[in-house]
Amino acid sequence: MLRAPRALLPALLGAAALVAGCANNIDDKTANWSTEKIAAEARDELNSGSYDKAVPLLEKLEGRAAGTPQAQQAQLDKAYAQYKGKEKAQALATLERFIKLHPASPALDYALYLKGLINFNDDLGMFSWLSQQDLSERDQKAAKDSFESFRELTTRFPNSRYAQDARQRMTYIVNSLAQYEVHVARYYYERGAFVAAIARAQRAVADYQAVPAAEEALYILVKSYEALGLTQLRDDAQRVLSTNFPSSRYSTEGFKDKKSAWWKFW
């Protein structure tokens, strides 16, 4: 085996490091850029929708401006770029890191809002009409995570510019969670699993107050009790339905057409 003489090794290693350094400088076009220039380039990429190009620039900026407000802004912009670039997990990880490292940041309310928004839109949210499937028919973990972020935002920063929108989305999420229980209850009812339907409908009525889904939940209770021959419980449920929803059309028209879903208001 051929070996370089020991005396030449330091020189060879030094030369290799120099070549590697030159190669890195050639590959990194930002090597001699100021942080202001990197920030400007990143903004241009964000504004043009080139989120995949914005992210590495923002990572460079975050590293070079470490310990400054500019680095904090780079983190938030990176999370936004990852969110818009459909990289939900990465965006949430970036925000979690920001919240942990900068608990007193004046932009913490925005970080919480963006975190809530990512989970909200991940479960279809305002764009649910595109697929004709509402948020209540999907897994609810993202909705619950979204609610917690919005709740923390509105509790800690009630006067934040993002608080009002967060409150509206919280209302939507609560309605969705209640409707999810009703969706499952209806599923069981339509398959003759009346005991299971009753359990889910009762949960919707008990856990969520003053929500649109309560009307259908009560109707499912009426029909399920009737199917089981529990006339007293059926009459009690009908009484509650008539008292709280005197104009309910369920008793005469049955289940609502999905085309008139309550959630198409955003």
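The protein exposes about 15300 Å² of surface, of which carbon and sulfur atoms supply 54%, with areas computed by the Shrake-Rupley method using a 1.4 Å probe. Please keep in mind that this is a predicted model, in which local features need pLDDT of at least 70 and side-chain atom pairs count only at pLDDT 80 or more, while totals for chains, interfaces and linings use all residues. Residues are numbered from 1 along each chain as its sequence is written, and side-chain values use heavy atoms, leaving out hydrogens and water.

Of the 266 residues in the protein, 42% are buried, meaning under 20% relative accessible area, where exposed is over 50% and partly exposed lies in between. The secondary structure comes to 12 helices and zero strands, a helix being a DSSP run (H or I) of at least four residues and a strand a run (E) of at least two.

Turning to the rings, there are eight aromatic pairs, counted where ring centres of Phe, Tyr or Trp (its six-membered ring) lie within 6.5 Å, with planes under 30 degrees apart called stacked, over 60 edge-to-face and the rest tilted. Tyr80 and Tyr83 have ring centres 6.3 Å apart and planes at 70°, so this pair is edge-to-face. Both residues lie in helix H4 (residues 69-84), three residues apart, or about one turn of the helix. Tyr80, at 30% relative accessibility, counts as partly exposed, whereas Tyr83, at 17%, counts as buried. Elsewhere, ring pairs link Tyr110, Tyr113, Phe150 and Tyr162 into a cluster.

Terms used: Buried < 20%, exposed > 50% of the residue type's maximum accessible area, 1.4 Å probe, protein only.
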